[in-house]
Amino acid sequence: MSAQHQSKLKALCLASLGIVYGDIGTSPLYAFRECFMEEHGLALNTANVYGVLSLIFWALICVISVKYIVFILQADNKGEGGELALSALCLQVPSQNLKVRNALIALGLVGASLLYGDGMITPAISVLSAVEGLKVATPFFEPYIIPITIVILIGLFSIQKGGTAKIGKIFGPIMVVWFSTLGLLGLFSVVKNPQVFEAINPRYAIEYFANNGMSAFLSLGAVFLVVTGGEALYADMGHFGKKPIRITWITVALPCLALNYFGQGALLIANPEAISNPFYELIPKLLLYPLIVLATMATVIASQAVISGVFSITTQAIQLGFSPRFRVVHTSEDEAGQVYLPQINFILMIATIFLVIMFKSSGALAAAYGIAVSMTMIITTILIAYLARTQWKWPTLGVCAFVGFFLPIDLAFFGANAAKFFDGGWFPVVVAIVVFTLLTTWRTGRRLIGVLIRKKHPHAQDLEQLIDEAKALKVDGTAVYLTSNSDGLPPALTNNLKFNKVIHKRILFLTLTTERVPHVASKDRIEIIRDNENFDRAIIRIGFMQNPNIPYYLKKICQSLEIDYESVIYYIGRETLIPKKDFGLSLWRGMLFSFMTRNAQRATTYYQIPHSKVVEIGMQIEI
């Protein structure tokens with residue numbers, strides 16, 4: 001490995017620590033404490049502490065180290081991860097029947113929808129749990145916990161426009177300090193009681209369930225908090241790649257987290273009263289305020305993992321046709337996956353502040369946390385099993401072993417979290433239902449409009465006849481008509497002929513399609529079809545994480561066709577939708593689709609087309 005490559009790998013490892021592992025790295029602030037909350041009815045004794053420690057340790061090993069680091073990161077859709085990328089990867093299997101394809105799409109959409117609820121709760125619980133450390137220092141700060149948290153959250157969402165790479169460079173060194181602190185605090189505690197490492201033996205977890213029954217099962221909802229960064233880890237794979245993520249987990253994140261949890265366990269055995277906030281009770285009084293500041297910085301960083309994941313998922317949904325267009329800012333010239341979406345960022349900020357005001361404490365928020373992530377983990381297990389059988393060509397026995405080991409773990413965590421549904425777990429489920437409804441409504445509406453347009457508008461071979469019938473005036477220059485139908489005539493052209501009786505001497509039909517891969521090689525992106533000397537057709541194919549910059553590709557097309565790019569005029573259809581009952585959507589979904597269409601970003605802005613070179617031609621469509 002060259003020195004330059006090593007330097008780049010180290011930089012990526014450092015940045016990934018700041019972005020990818022922020023979420024899972026701040027779970028020690030609240031996870032252990034939640035296991036012994038009064039509602040679980042668990043006695044705070046050595047046997048139960050050992051049992052919880054054993055569960056935490058093996059959850060980190062089985063769920064994160066084995067399932068995600070070893071298996072899930074293998075589901076690499078040309079560099080991208082996350083539920084939609086995984087679903088798209090599964091759809092690449094040839095000869096799928098329609099029911100299987102629809103099921104895979106639905107699972108991917110449900111998993112993606114659940115991530116939005118996680119993206120709202122994680123910043124709220126992470127930052128609030130850190131700021132609550134001020135109450136440990138002095139009761140004076142208690143009335144100011146909520147206002148301080150809100151101010152910090154506003155600052156967090158305000159810096160998102162800087163981009164993942166810039167944020168990662170700042171956050172990475174801070175997280176090195178944070179994980180080092182986690183490890184040292186745990187180490188100082190366990191040296192006083194090294195016997196606590198006996199809890200690594202899984203028999204303590206088995207005895208814990210045998211002795212506590214349903215109370216032990218319900219506490220799994222709190223144990224699950226130690227692995228809630230797993231899905232964000234996979235969703236953020238496109239930002240850094242799998243190798244830096246794996247190296248950072250094995251060398252830094254896992255050992256430091258394990259040490260801290262065992263340190264909290266050792267503290268509770270010696271001083272059960274520390275259960276009110278075992279993390280902060282590990283800290284010497286003289287260092288309490290500096291570490292509260294460090295913890296707050298770490299929780300701000302923790303939120304970054306899911307926020308980046310939501311940005312990535314939304315961008316994928318737009319490109320794959322499941323979401324209306326939002327403004328997408330590409331924050332890196334080198335990494336296409338590093339994006340910032342101002343509107344989504346604002347929605348997340350408002351929702352997160354609302355959660356802090358509504359739940360008021362990290363303990364109350366913990367009840368809302370987990371159910372969405374546990375459902376997503378179940379979906380991921382199912383999709384990976386399908387992928388392993390159909391594309392990785394695992395034997396049936398191997399797939400059954402994978403599902404038989406991981407699915408019961410996922411279901412157990414989901415069952416324990418589902419018990420908290422009415423205590424706050426309803427929130428991420430409601431968010432997921434709303435997002436899923438929006439995504440499926442948009443997808444179905446656009447498909448039905450496409451069918452309607454193809455029925456009502458002529459085919460390309462009828463163009464000459466239409467020109468003759470309209471007695472259209474031919475003018476100099478080149479007209480570029482954007483169309484989603486690579487075979488038929490775009491409505492903008494037929495309406496232009498019908499109402500304006502004008503046609504350009506040179507016509508180019510331009511179609512941009514998004515493939516179910518993150519990136520399309522440059523040699524495969526442009527296909528030009530010569531209809532005749534006056535009419536040409538070009539198809540641009542990009543991946544779902546590539547920048548849909550139409551002028552960039554059009555310049556290349558113009559060079560091939562010997563067209564003066566500076567003289568081209570873009571013609572774009574602008575639809576006005578009128579909801580009706582017989583469109584194929586229920587009336588309320590038709591109205592919702594119409595609302596989404598009106599509020600979607602304009603095609604000219606999304607495709608980065610100069611407004612001075614655009615003619616928009618309106619059309620009414622009854623839906």
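**Notebook: cavities and a nonpolar patch**

I started with the lining of the largest cavity, where H5 gives the most, with three residues. I note that this is a predicted model.

Leu-84, Ser-87, Ala-88, Leu-91, Ile-105, Leu-109, Leu-320, Phe-322 and Arg-516 line it. Helix H5 (83-90) and helix H6 (98-131) are the elements that give two or more residues to this lining. I sorted the lining by class and got seven nonpolar, one polar and one charged residues. For the volume of the largest cavity I noted about 50 Å³.

How many cavities of 30 Å³ or more are there? I found two.

I turned to the second largest cavity, with a volume of about 40 Å³. Its lining residues are Gly-82, Glu-83, Leu-115, Glu-231, Ala-235, Ile-313 and Thr-376. By class I have three nonpolar, two polar and two charged residues for this lining.

I found a nonpolar patch of about 470 Å², made by Phe-354, Met-358, Trp-426, Val-430, Val-434 and Leu-438. Two or more residues of the patch come from each of helix H18 (342-359) and helix H22 (426-456). Which helix gives the most to the patch? H22 does, with four residues.

Last, I checked Phe-354, which I located in helix H18. Why does Phe-354 count as partly exposed? Its relative accessibility is 44%, and partly exposed covers the range between the buried cut-off, under 20%, and the exposed one, over 50%.

Terms used
Residues are numbered from 1 along each chain as its sequence is written. This is a predicted model: local features need pLDDT of at least 70, side-chain atom pairs count only at pLDDT 80 or more; totals for chains, interfaces and linings use all residues. Side-chain values use heavy atoms; hydrogens and water are left out. On a 1 Å grid over the protein atoms alone, a cavity is a set of points where a 1.4 Å probe fits but cannot get out, and a pocket is an open set with protein on both sides within 12 Å along at least five of seven lines; lining residues have an atom within 4 Å of a point. Grid points are joined across faces, edges and corners, and a volume is the space filled by probe spheres set on the points. Ala, Val, Leu, Ile, Met, Phe, Trp, Tyr, Cys and Pro count as nonpolar, Asp, Glu, Lys and Arg as charged, and the others, Gly among them, as polar. Patches are made of residues with over 30% relative accessible area and no salt bridge: like charges are joined within 9 Å, nonpolar side chains (Val, Leu, Ile, Met, Phe, Trp, Tyr) within 5 Å. Accessible areas come from the Shrake-Rupley method with a 1.4 Å probe; for residues, only the protein chains shown count as cover. A salt bridge is a side-chain nitrogen of Lys or Arg within 4 Å of a carboxyl oxygen of Asp or Glu. Buried means under 20% relative accessible area, exposed over 50%, partly exposed in between (1.4 Å probe, protein chains only).
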